[in-house]
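Dear colleague,

Please find below the structure that I am handing over to you. My notes on what was found in it follow directly after.

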Amino acid sequence: MTSLSSQGPAVTPLISVENLSKSFPGVKALDKVRFDLRPGEVHALMGENGAGKSTLMKILAGVYRKDSGEVRLDGEPVEIESPAHAQSLAIGIIHQELHLMAHLTAAQNIFLGREPRKAAGLLLDEDQLNRDTQALFDRLHLVLAPTTPVGELTVARQQMVEIAKALSFKTRVLIMDEPTAALNNAEIGELFRIIRQLRSEGVGIVYISHKMDEIQRIADRVTVMRDGATIDTVPADTPMAQVIAMMVGRYLEHADKHIPDTSANEVLLEARGLTRGRAIRDVSFSVRRGEIVGFAGLMGAGRTEVARAVFGADPLDAGEIFVRGQHVRIRSPQDAVRAGMGYLSEDRKHFGLATGMDVESNITLPSLKRWLKWGMFLNRAAIHQVSQQMVEKLRIKTPSLTQTARLLSGGNQQKVVIAKWLVQDCDILIFDEPTRGIDVGAKSEIYKLLIDLAAQGRAIVVISSELPEVLQLSHRVLVMCEGRITGEVPGSEATQENLMALATRREAATAPVTEH
Amino acid sequence: QEIYIPLVSKGFQHQFWQAVKQGADQAGKDYKVRVTFEGPETEQQVDKQIDMLSAAMAKKPSAIGFAALDSKAAIPLLRKAKAANIPVIAFDSGVDSDIPVTTATTNNLAAAALAADKLAEKIGGEGEVAVIAHDQTSRTGVDRRDGFLNQIKAKYPKIKVVDVQYGGDQLKSAEIAKTLVQAHPKLKGIFGTNEPGAIGAGKGIKEAKKSGIVIIGFDSGKAQKDMINDGTIAGSITQNPVGIGYKTVEAAVKTLKGEKLPTIIDTGFYYYDKSNMSDPQISAVLYD
Amino acid sequence: MTPPAKSSWLSRLASAQAKQKLLAFASLIALIVVFSVLKPEAFMTQDNFIGILQSTTVIGVLAIASTFVIITSGIDLSVGVLMTFCAVMAGVFIVNLGLPLPLGIVLALAMGALSGCVSGLVITKLKVPPFIATLGMMMLLKGLSLLITQTRPIYFSDVEGFDQIALGSLIGEVFPSLPIPNGVLIMFVVAVVCAVVLNKTALGRYTFALGSNEEAVRLSGVNVDRWKVIVYTFAGTICGIAGLLIASRLNSAQPALGQGYELDAIAAVVIGGTSLSGGVGTILGTLIGAFIMSVLINGLRIMSVAQEWQMVLTGLIIILAVYTDNLRRNKK
Amino acid sequence: MTPPAKSSWLSRLASAQAKQKLLAFASLIALIVVFSVLKPEAFMTQDNFIGILQSTTVIGVLAIASTFVIITSGIDLSVGVLMTFCAVMAGVFIVNLGLPLPLGIVLALAMGALSGCVSGLVITKLKVPPFIATLGMMMLLKGLSLLITQTRPIYFSDVEGFDQIALGSLIGEVFPSLPIPNGVLIMFVVAVVCAVVLNKTALGRYTFALGSNEEAVRLSGVNVDRWKVIVYTFAGTICGIAGLLIASRLNSAQPALGQGYELDAIAAVVIGGTSLSGGVGTILGTLIGAFIMSVLINGLRIMSVAQEWQMVLTGLIIILAVYTDNLRRNKK
Ligand SMILES: Nc1ncnc2c1ncn2[C@@H]1O[C@H](COP(=O)(O)OP(=O)(O)OP(=O)(O)O)[C@@H](O)[C@H]1O
Ligand SMILES: Nc1ncnc2c1ncn2[C@@H]1O[C@H](COP(=O)(O)OP(=O)(O)OP(=O)(O)O)[C@@H](O)[C@H]1O
Ligand SMILES: O[C@@H]1[C@@H](O)[C@H](O)OC[C@H]1O
Ligand SMILES: [Mg+2]
Ligand SMILES: [Mg+2]
């Protein structure tokens, strides 16, 4: 393969790193990494979960300090000391995890630390702040009131606020760590339009994503990392299969989609007439044993709300839930788990992981009762054993079973959350964005896992904003728009086009369709 | 119309104050007047006491009984009372003002001096002693501490006060007593300036299994009387709290009737020990 | 996707937050009505109302100081003792050293600022959690107050006009029928100034931001430590004002007073709708909370309820007040 | 990347957590050494050591109770007063109602459990934050204790053997040269049992989980409310044990005592390395924290340091202890 890093044109990189190393307790996150970013390029950074991408970027953004090695800005060595320092060097970053102040408005979040003032600088000029923000949103084609508290926004819209915030700075280096993980296609298109514009203005952009198609659409060069080290830097038109091989150290096979006939199977989960305010409006659906039902829709369509309501995490105004044909009253997640359900939340940091606890405690949390002696004492050996099995089965990258979950990389955290429901061994599994932030290798493992789980006779609901994912997994696809189910498509007939059409079928356009 | 006399005291949780209340209630019954009794939770809360006084005045009382936590802080309110023709009877601790018609109180300086004399007598006029006082700032705490210290200084040059510590509750006083005997192996006596201080001293000495330490206490209460009976505490000074309460209400009633009263009603204090506890005169001023 | 809502003055008034405040106010009114009905002749008098206002001043001002700290999701257990320390220092400057009154006042407030600043530094630089940092400060300042005064009160009797700070009545001079003491006036002025600071200045903005997500603030390039120190310094200064108020009211600095007041202040703040987990709070709410507490206690005293029962009822009402506040919030 | 480390007994001993505990222990030893050097003849005696052990019992047991609550990221301000309430109830059952001693003890502990349970229910069902719920409970229980006793102590003088609970010495009977009081023994037994509960049982696991991420625990199908109530109930029961210890030691139930003890208990817990933000903590650490506090106070008293200075120093040491604890943690 051709290596670009040594032969590129003789422009001075905006930013370059040489022999950069960084260790955390028990983990060598970066090992003599090299990387460079030129003005006016989009440089994709790729690698498996835990490869060290975010760590590298956090060093450039002043969040972490490097252990050794050199960072150069315009060819001059720099020591980036703090986020404020990075900002002053015109380095901006969109972090992988959301870092927003929930109680503050979108405008207040975006301009924190740079508020326009009035009255000789004594008072804040809130009107000016909102005008500036509105202008920014207009530029980004983002329909959002600047005065909305961000705590009231969905994850996707919060992500948009983060992006808007990074773009509100005059930056020369812009780092985007999985900016599209929560976005839908339209928004991704909008983001790419902005990226291209910035690129033409000479901004250098580091782009991290696990979505292969995006890399091909937007990147100029690709640097691949594995296990904390740089593997190589290649042009973006390098065949993806080859890039993936560099990432995971082997070639991946693509599983063919096979849709089993489940029409005669027992209905495991059925929801009838679920309603809550305007978020969920008369939603009915059913899932059979062995079936994978995909939920597609645009951001805010109400899929997460349906999942949470079915699982008892939020109350319903109306509607009934049947499990194995039996009417069940589900008033809390506890009821749901007792009825044999498991729910993987789309927001692992807040709802999925006990971040301060270790890996094995997380994995055995829902099923803890099974690991007790005399109904009271923890059976350590059994807990170790089952956790170890899961770590191996899902290839969770962790120094030990007693590593604190917070210290794992994002993707590995997600695997831990999946593991806990696998251990619980439920019949009905609801996965909300199960591969959010997960690398290609792990993604295909998770797909295989879901298919296996279905084949073993479980009923599976997959909510995903990535249409290819929905298409690849679902035996049947339900599409939601504005809290209603707007259509149902058999897996064999589903295409990006017909799903998108249903996903945008707003109430005004047609009468509610319920064709299932 | 009913005669109403609220007593705003310095506290209500100690047995001492409960005894004052008992005396006041008794007088209320005898003179057919309505009496209420309240005080802040700790003897530091000067401002809360003033709020209580102010609420008491809002109830348009016929007279007020007042035991001041601070001798000056309440004066503006007392002026108001005077302007509204509400007579004020001070009790336990006086006010630096001529507004109160009279003050029913113990002379704490003198009482503590008596404690010093008794302690000196029991240890033979020489050696190391210590004080467990109830707190640093309350009038009675300060007077008793200083009354004791002054008397020792003035009359007993061979007695050395090695430490003054402040107890607060019984448990803390007991811990202090234990460390006192650790730190001062030659310690011969302890003066506990109020009920928790005295009982705590007794407890601490008992737990430390030290013999030969003379404790002089203050106030009364069942535990203290028991300790005097079993010899843990040599003897104590008691005031006449029931008398203080009674005299306060009585003075109020008399004032309302237009009678003249002396500026101080000295309710007295007494030294008591195993030998005289059952004397009628003494047992009348002791309480459980 | 919802269109950007234009927030008019009217819709803002009807907003959930405003409604909540109105309802908290309603609880206060309810309490007043109950006591007025039960004991009109004593409760409903002008004197008693002024007494209630007066008795709210110190806790009210302390609660305002605490509001800032609590919105950052911190806590300040030292406020009561810090108030005393400032009163003591006022005594040292004005009485012992004989400095002119205005200078003494400024210096006393500066001591409050300094102590707050020390708390802030301990929290940010030594990374000691606020609960412990301010618990330590509480003990330290209490000891210092007793040491400095040699455990004796300092009297301001000879300082011309000192007691007028809290007890005089500028309003009464203009409207003789409305003898509202200056202390009350000062509390309201402090409240207005603090409300402006909280809602219209950078300090206020960062106060909310810190309580909402400190890491996000840091990643925004804001100097988190500095602003936190400023918040505690500001709160310390406000405690200094409380110190002057209580010193003036008692015409003396009482060195042993103050401990325990922090709990009343925190209770007032939380009853007023400020969340202990940070990010949410208003000064108006805090004032209402402080009044709920003082009306309750005054009313129970006026009704001659036994003190033991007063404690039991206060405990219950604190829980209930916060509970109904939750109810409202969840209904929004 | 590193392979999953097999955690051997040895590597576990050398683990960061263990090191931290060893170091906290080192601070304790350092304190002891300092006082031993400064005042050997008084400090270094067996009597004084037993005195220190004895003086740690009540706060130690309360701190153990608080540890559970704090690990859930809650707080319990009522522990001191709850202790008193249980002592009072023991008096009611044993002295006033004349029930047999063992039954009286069980009932008193049950009252502790009940009160803890009420706090837990207020927190979970009424959604009142722990700080306020337990502040309310503190006032309520204080009032109740005074009401029930009519503000008079209840004496156990006539109850055969009651004072032996804390003051007798089973150990001393076997080894006459080691007259360690039963109260100390009880504290250590409570500590061992609680350490087992915290580390080896479902209750302990959920205690940590609640403090780590309550919402994630709820979405794991765990009945969060129930476990939280259980934690507060358990802590309440432990406070009941402290109540029996103090009642036995004073041979009486003192209804007005107890407030303020909660702060000492919380300080001990935090000095011992438990985090106020939840999810982290050990019983051994808490015990060490409690001993640091009591050795400090004992030492200062032995040295006849004026109490004002004791306050100042205690404040400083609390801050320093938590600071050095942070240092260690960050160095790991
Ligand atoms: N603060 C930390 N403490 C300890 N270990 C950490 C910390 N941050 C990251 N790590 C570890 O460093 C390694 C690199 O993590 P990093 O977040 O950089 O991965 P990544 O490439 O961004 O992965 P992902 O695609 O999953 O986001 C991982 O093994 C992770 O567990
Ligand atoms: N523009 C918006 N502003 C605020 N809240 C919104 C907005 N859009 C949607 N929501 C909220 O989100 C709810 C539905 O979001 P939900 O998370 O269930 O959608 P989803 O289909 O799962 O999409 P996502 O991909 O964002 O998870 C809506 O009912 C509404 O309460
Ligand atoms: O005067 C009172 C005293 O006699 C009692 O012992 O304790 C409280 C004191 O204020
Ligand atoms: Mg990452
Ligand atoms: Mg969703």
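**The site of ligand 2**

In this predicted model, an oxygen atom of ligand 2 has a polar side-chain atom of Thr304(A) at 2.5 Å. Glu346(A) also approaches the ligand: one of its polar side-chain atoms lies 2.7 Å from an oxygen atom of ligand 2. For Ser465(A), the separation between a polar side-chain atom and an oxygen atom of ligand 2 is 3.4 Å. On its own, ligand 2 has 630 Å² of accessible area, and the protein covers 83% of this.

The shell around ligand 2 holds 18 residues, and Thr304(A) and Glu346(A) are among the closest, together with Arg157(A), Arg303(A) and Glu305(A). Helix α9 of chain A, which spans residues 303–310, gives the most to this shell, namely three residues.

**The site of ligand 3**

Which residues surround ligand 3? They are all from chain B: Lys10(B), His14(B), Phe16(B), Trp17(B), Glu43(B), Asp92(B), Thr140(B), Arg144(B), Asn194(B), Asp219(B) and Gln239(B). Two helices of chain B, α1 (15–31) and α5 (139–155), each supply at least two residues of the shell.

A polar side-chain atom of Glu43(B) is placed 2.7 Å from an oxygen atom of ligand 3. In Thr140(B), a side-chain N or O atom is 3.0 Å from an oxygen atom of the ligand. In Asp92(B), the corresponding distance between a side-chain N or O atom and an oxygen atom of ligand 3 is 3.2 Å. Is ligand 3 buried or exposed within the protein? Taken alone, ligand 3 exposes 270 Å², and the protein buries 100% of that area. The space that ligand 3 takes is the second largest cavity.

**How the chains meet**

Finally, a word on the arrangement of the chains. Five pairs of chains are in contact, and among these pairs chains C and D share the most contacts. Chains A and B, by contrast, do not touch, as their nearest C-alpha atoms are 37 Å apart.

With kind regards

Key
Residues numbered from 1 in each chain as written. Chains lettered and ligands numbered in written order. Predicted model: local features only at pLDDT ≥ 70, side-chain atom pairs only at ≥ 80, totals over all residues. Heavy atoms only, no water. Near = heavy atom within 4 Å. Polar contact = N/O pair within 3.5 Å; in protein donor to acceptor, adjacent residues only side chain to side chain. Areas by Shrake-Rupley, 256 points an atom, 1.4 Å probe, with all protein chains shown as cover. 1 Å grid on protein atoms, 1.4 Å probe; cavity = no way out; pocket = protein on both sides within 12 Å on 5 of 7 lines; lining within 4 Å. Sits in = over half its atoms within 2 Å of the grid points. Helix = DSSP H or I, 4+ residues; strand = E, 2+ residues; numbered from the N terminus. Contact = heavy atoms within 4.5 Å.
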